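The tour begins with the ligand and then turns to the cavity search.

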Amino acid sequence: MKKSYLTIITLILLFLSISGCGTYGQASPSGDAGRQSQGGDDEQLITVGFSQVGAESDWRNINTDSMKESFCPENGYDLIYDDGQQKQHNQITAIRTFIQKDVDYIVLAPVIEDGWDTVLTEARDADIPVILVDRMVNVNDPDLFTCWVGSDFELEGSKVCEWLNGFCRANHISGSDINIVNIKGTEGASAELGRSKALRTAVNKYGWNLLDERSGEFTQAKGREVMTQFLKQHKNINVVYSENDNEAFGAIEAIEAEGRKVGSDIKHGEIMVLAFDGTSDQAVEAVRSGRITCIGECNPLHGPRVEKIIRNLSEGIVPDKYEYVDEGIFSADESVNSVIIDGVSYGVRVP
Ligand code: AHR
């Protein structure tokens, strides 16, 4: 009896896999990576294992959609997608699963920079090219990955800091009157390291007071929690440097819950919110209404870029080792028209 049940289940599973009834796979900490639906002849599809950071932000969800849309069967791919739930050990397990499945390519969006040497060596030993997307890894041997595509996070931070300096100059506010807190992203992630570094550089350069720094883990809930603590401990905050939009949304909730107002009129008690990404409708609306005063753009649409890299690799074309994407800066405040970093001018736009 038990045996015949097993036979029926096996037949059903076989039917489902042949008939292409699968859906996008979801994360599993066990590394049981899911497979995107497969239409047609599997033999001809390029198999790609994608280890995503998680679903912590609007940016991340748009990035996931972009990857899934690009690596679809219609484009010639069999995508095995794994959500790492912001945990490096889940991502390492996913990569090992991809190696066991002998995928053609591994795409990794690493949650943090350190700690990848061993598993990337395993991928190299298995002859599977690894393409990094979004954040970077810090490894002893750069040949452990084929190439990387993503953002210059320090440049993003410098744009926002230069914008704040321009705002101060235009409105006759001294650097020593800026009392700023930093809601950092996930500690050790490239996006956190780069944006925090830019802030520290500007703090030293312009004499701002950096009152506190704590991680909001790139989420709205944690952003609210951290900002609530900051408001309790520091009564003179007038600028919040929030390392992504979702943390900024949480910070705004916390500020308003305290009966304070967000906005650029810091001379009259408003708290200015600065952020990064600018991807969701909510963020665009927040900039237009002035609730977020300035956003350093972070572009999440990496799917077509990574797909092009893999297509080229399949045809024997060697990609550039590092590919930085173009990004801008958004504000509805008219104090600053453009910012200049390393001799390059970036126009400030209303999104
Ligand atoms: O690495 C990119 C960052 O990660 C984005 O700014 C953030 O929203 C995401 O979670």
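This is a predicted model: local features need pLDDT of at least 70, side-chain atom pairs count only at pLDDT 80 or more; totals for chains, interfaces and linings use all residues.

**The ligand and its surroundings**

Residues are numbered from 1 along each chain as its sequence is written, and side-chain values use heavy atoms, with hydrogens and water left out.

Next, display the side chain of Asp277, where a polar atom lies 2.5 Å from an oxygen atom of the ligand. In Arg135, a side-chain N or O atom is 2.8 Å from a ligand oxygen. For Asn244, the distance from a polar side-chain atom to an oxygen atom of the ligand is 3.0 Å. The protein covers 100% of the 280 Å² of accessible area (Shrake-Rupley method, 1.4 Å probe) that the ligand has on its own.

**The cavity**

Now select Trp59, Arg60, Arg135, Arg195 and Asp277, which lie nearest the centre of the largest cavity among its 13 lining residues. Lining residues have an atom within 4 Å of a point of the cavity, a set of points on a 1 Å grid over the protein atoms alone where a 1.4 Å probe fits but cannot get out.

Finally, colour domain 1 (43-151 + 300-324) and domain 2 (153-299 + 328-349): both give residues to the lining, so the largest cavity lies between them; the domain bounds come from an automatic or database assignment.

Terms used. On a 1 Å grid over the protein atoms alone, a cavity is a set of points where a 1.4 Å probe fits but cannot get out, and a pocket is an open set with protein on both sides within 12 Å along at least five of seven lines; lining residues have an atom within 4 Å of a point. A polar contact is a pair of N or O atoms within 3.5 Å; within protein, one must be able to donate a hydrogen and the other to accept it, and residues adjacent in sequence count only if both atoms are side-chain atoms.
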